[in-house]
Amino acid sequence: MDKTLISADRLSVGYGKRVIVNGVEFEVKQGEILTLIGPNGAGKSTVLKTIAGYLKRLDGTVMIGDRNMLGFSEKEMAKKLSVVLTERIRPELMTCSEVVETGRYPYTGSFGLLTQKDKEIVNTAMEAVSMQDFAQADFNSVSDGQRQRVMLARAICQEPEILILDEPTSYLDIHHKIQFFEILQGLAKERQMAVILSMHELDFAEKISDHVLCIKEGKITLSGTPDKVFIPENIMGLYDIPEKYYRKYFG
């Protein structure tokens with residue numbers, strides 16, 4: 001039986017004392033993908049940043065395996081969980097390989113020196129996202145799609161059990177979106193990781209997700225498997241789409 005890698009119970013997230021989303025509950029097992037969908041500004045990124053430990057939770061619990069996330073040290077957490085956020089990074093004078101190597105720092109000593117084993121893990125991660133031929137290329141000189149794959153390789157290098165991604169394909173064209181989601185789905189199944197991500201591409205979300213959380217107006221309005229969530233009535237209600245427009249543009 002696959003074990004649960006991350007779960008949340010009655011989680012409230014927000015900034016200061018202001019609650020953005022209340023009552024978040026989920027459970028993600030090995031090899032599963034959980035996708036958060038909902039309108040812009042609904043709080044999907046806030047939920048992900050709280051789960052990742054970037055924001056302080058307002059209430060509720062997040063469990064990593066059978067331990068409360070609050071009990072993990074920063075280094076322990078870095079070995080359990082990797083994060084790929086929407087923000088574009090622009091490291092100066094770093095090759096793609098050097099960016100990926102930063103994912104090994106939770107495992108290196110005080111001087112941050114990579115062992116031969118670390119270098120092999122870096123190479124394997126770059127091969128997993130088909131970026132091995134760009135290892136020595138300047139990170140800022142490659143395309144948006146290639147940069148996003150480099151950031152995914154960096155996350156893989158941490159050898160996490162859990163991968164969190166916030167709208168990872170926002171800047172990608174359709175070709176690179178397809179490539180990215182194929183890689184992501186393969187990683188979840190082959191490495192038995194738990195993946196949690198937010199996205200707006202509902203057609204992709206329906207295909208790659210094991211479970212879906214719908215977020216609107218500060219709460220979870222619906223959760224379930226794609227076949228339960230992706231029906232016209234649910235999507236029209238979630239995004240306030242008039243029926244005539246939904247049927248005209250999406251069938």
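The model is predicted, so local features need pLDDT of at least 70 and side-chain atom pairs count only at pLDDT 80 or more, while totals for chains, interfaces and linings use all residues. Residues are numbered from 1 along each chain as its sequence is written, and side-chain values use heavy atoms, with hydrogens and water left out.

Strand β1 (residues 4-15) and strand β2 (residues 18-29) run antiparallel and are joined by eight bridges. Strands are DSSP runs of E of at least two residues, helices runs of H or I of at least four, numbered from the N terminus; two strands pair if DSSP finds at least two bridges between them. S7 has E27 in β2 as its bridge partner. Two residues lie between the strands of this hairpin, where G16 takes a positive phi near 65°.

A nonpolar core is a set of buried Ala, Val, Leu, Ile, Met, Phe, Trp, Tyr and Cys residues joined through side-chain atoms within 4.5 Å; buried means under 20% relative accessible area (1.4 Å probe, protein chains only). The largest such core has 44 residues, and I37, L152, L165 and L184 have the most contacts inside it. Helix α5 (residues 144-157) gives the most to this core, seven residues. Another core, of 30 residues, lies apart from it and includes I6 and F72.

In helix α9 (residues 232-239), the buried residues are I235, M236 and L238. They line one face of the helix, because they fall within an arc of 165° seen down its axis, taking the directions from the helix axis to the C-beta atoms. Just after α9, D240 has a positive phi of about 55°.

Notes. Buried < 20%, exposed > 50% of the residue type's maximum accessible area, 1.4 Å probe, protein only.
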